[in-house]
Amino acid sequence: MAKKGTSTASPQPASTNDLDHIDTDNAHDDDLDLPPPRRGLLDLRQENAWIFGFMLFSSLVSLTASFVLSIDALQIAADQDKILPCDISATLSCGTVARSWQAHLLGFPNAFLGLVAEPVVITIAIAALAKVKFPRGFMLAANIVYFAGFIFAYWLFVQAYFVIGALCPWCLLVTLSTTLVFSTLTHVNIRDDNLFLAERISSKLQWACRVGIDLLLVIILLAVVVTLIVVKYGSTLFAS
Amino acid sequence: MSKKKPSNQRPAQASTAAAQAGRQARIDAIKREEQTKTRVTIAIVVVVALVVLGIVVALVANALRSPASNPTVPAATSSTSAPTSAPTGAPEEPATTTAPNPSSYSFAYGAGKVQVDLHFDFMCSACGIFERVNGEDLAALAANDTITLRMHPMNFLDSMSMGTQYSTRAASAFVAVANQRPDKALSFAALLWENQPAENTKGLTDDQIAGYARDAGVPDEVIATFSASTNATWVDASNKASLAAGVQGTPALVVDGQWISGKSGKPSIWAYATPGVVKSELETLAHG
């Protein structure tokens, strides 16, 4: 097997993490020497250090934004007519969004959900960086819960964009970081086959992740978001 | 991709051919994967490039559309960007070299030496209470030149009218009147305060706003300009200017540069919800 540097067997049994994906499902011809796969940036994406490092970074960003939004929500609860530091204009305004009913769909500020959920992701990311291997069921559960959060984030974006009619910078940061956390979490769970999917689907998805289709999807999603914002608010945003 | 040394240690038998075929298939698979990778990478680069290009185009288009928006002379900017007859000339004497002017986006009434700046949003209930208590007094003090009253309309509470943007609509109407019939502006505003909708309702309809304007004696040709987009643009800018001036809540009352309310840590507006308090304090300032 063509491996980085040494030819000794990897000490980790979880060889799915490594570069030799092609080989993993055909263990019988392990000794066949194939041309070494080229290592590009897309391959770097498959490695734990990158995946969980990125997940850690994104979840820290998300937690920070949730903190700010929670404090804003408390300030607005104390004083309806309060203007927040992020109330930059009528269209770029945290307060406008925070005062909407959508901002406390469950009876409390949505940002509290971030305060609850992000530390879990941070813990997973740090533990995984320290080589902890979580049970498949645990990772599946985390993925499902975070999927709900991901959907919620985009529901909020759509509401803010089409109904409330204001942009909230910290909310957008939550939308972005939620996207990144969700995509990395899903990516790693596909890679490690944690989602209890049929072999056929699982290997298709793994192939898609290897060639970078997941990254392409995330970038298209973010491009749509950016385009929507520029189309509707471009003149306001670039005006000052 | 060059074929590496075949695995010739193994017995060369029929199995070799099969192994060879299998090996070739796997090499092809890897090749195909590499090709897909390249294609996906290209797609990613294209998408990112398109977005960047789009933003650049939007920036350039925007820069061309608003020529020389100079933040130091906002009054002039507001008039240059007004193609219709709506908010033209600077409503106040362009800030004579007097006291610090928190924002030039305002309409001035009276010529007293006490400078009173009031930042407000027509949807803000505290503003309504303040105005219903003190509005008439302020107008009277301005009318007899005890104070110079500068009204700064804001629209930061636009979200509190269930999507109808009442703050902007009401403020736009006020701007139209203040620009074209300054003598009617305060009495029109008083009617809006008198009939102020509750927060988180749809607010007054455009027809109702027009009706109150008519009641205040605003001519129909002025009412016809209420919905001109230039008014709303001006209100957006005015809102921005007020925030830039440091308004943290409304109503923000600034007397001779001193923040009475509207900044955190400043006494609540409720101290001024007692009829006559504001009036007597301003009179003391003017005469004492």
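The legends below describe close-up views of a predicted model. Local features are described only where pLDDT is at least 70, side-chain atom pairs count only at pLDDT 80 or more, and totals for chains, interfaces and linings use all residues. Residues are numbered from 1 along each chain as its sequence is written, and chains are lettered from A and ligands numbered from 1 in the order in which they are written.

**View 1. Overall make-up of chain B.** Chain B has nine helices and five strands, where helices (H or I, at least four residues) and strands (E, at least two) are DSSP runs numbered from the N terminus. Read along the sequence, these elements follow the pattern α-α-β-β-α-β-α-α-α-α-α-β-β-α. Of the 288 residues in chain B, 41% are buried, a residue being buried if 20 or more other C-beta atoms, placed from the backbone, lie within 10 Å of its own, exposed if 12 or fewer do, and partly exposed in between. Among contacts in chain B between residues at least 6 apart in sequence, 74% join residues at least 24 apart; two residues are in contact if their C-beta atoms, placed from the backbone, lie within 7 Å.

**View 2. The open sheet of chain B.** Five strands of chain B are arranged in the order S1-S3-S2-S4-S5, with mixed pairing; two strands pair if DSSP finds at least two bridges between them. The edge strands are S1 (107-109) and S5 (258-259) of chain B, each of which pairs on one side only. Strand S2 (residues 114-121) and strand S3 (residues 147-154) of chain B pair in the parallel sense over eight bridges, and Asp121(B) stands opposite Met154(B) in S3(B). S2(B) also pairs with S4(B), in the antiparallel sense and over four bridges, with Leu118(B) opposite Leu253(B) in S4(B).

**View 3. The hairpin of S4 and S5 in chain B.** S4(B) and S5(B) pair in the antiparallel sense over two bridges, and Val254(B) stands opposite Trp259(B) in S5(B). The two strands form a hairpin with two residues between them, and Asp256(B) in the turn has a positive phi of about 50°.

**View 4. Gln115 in strand S2 of chain B.** Gln115(B) lies in strand S2 of chain B and counts as buried because it has 21 C-beta neighbours inside 10 Å. Although Gln115(B) and Val255(B) are 140 residues apart along the chain, their C-alpha atoms are separated by 5.6 Å.

**View 5. Helices lying across the sheet of chain B.** Helix H8 (residues 229-245) of chain B lies across S2 and S3 of chain B, running at about 110° to S3(B). Helix H9 (residues 277-287) of chain B lies across S2, S3 and strand S4 (252-255) of chain B, running at about 150° to S2(B). Axes are lines fitted to C-alpha atoms, for helices over the stretch in contact, and angles run from 0 to 180 degrees between N-to-C directions.

**View 6. The crossing of H4 and H8 in chain B.** The axes of helix H4 (residues 166-180) of chain B and H8(B) come within 8 Å and cross at roughly 105°. H4(B) is therefore roughly perpendicular to H8(B), given that angles under 35 degrees count as roughly parallel, over 145 as roughly antiparallel, 65 to 115 as roughly perpendicular and the rest as oblique. From H4(B), Thr168(B), Ala171(B), Ser172(B), Val175(B) and Ala176(B) meet Asn231(B), Ala232(B), Trp234(B) and Val235(B) in H8(B).
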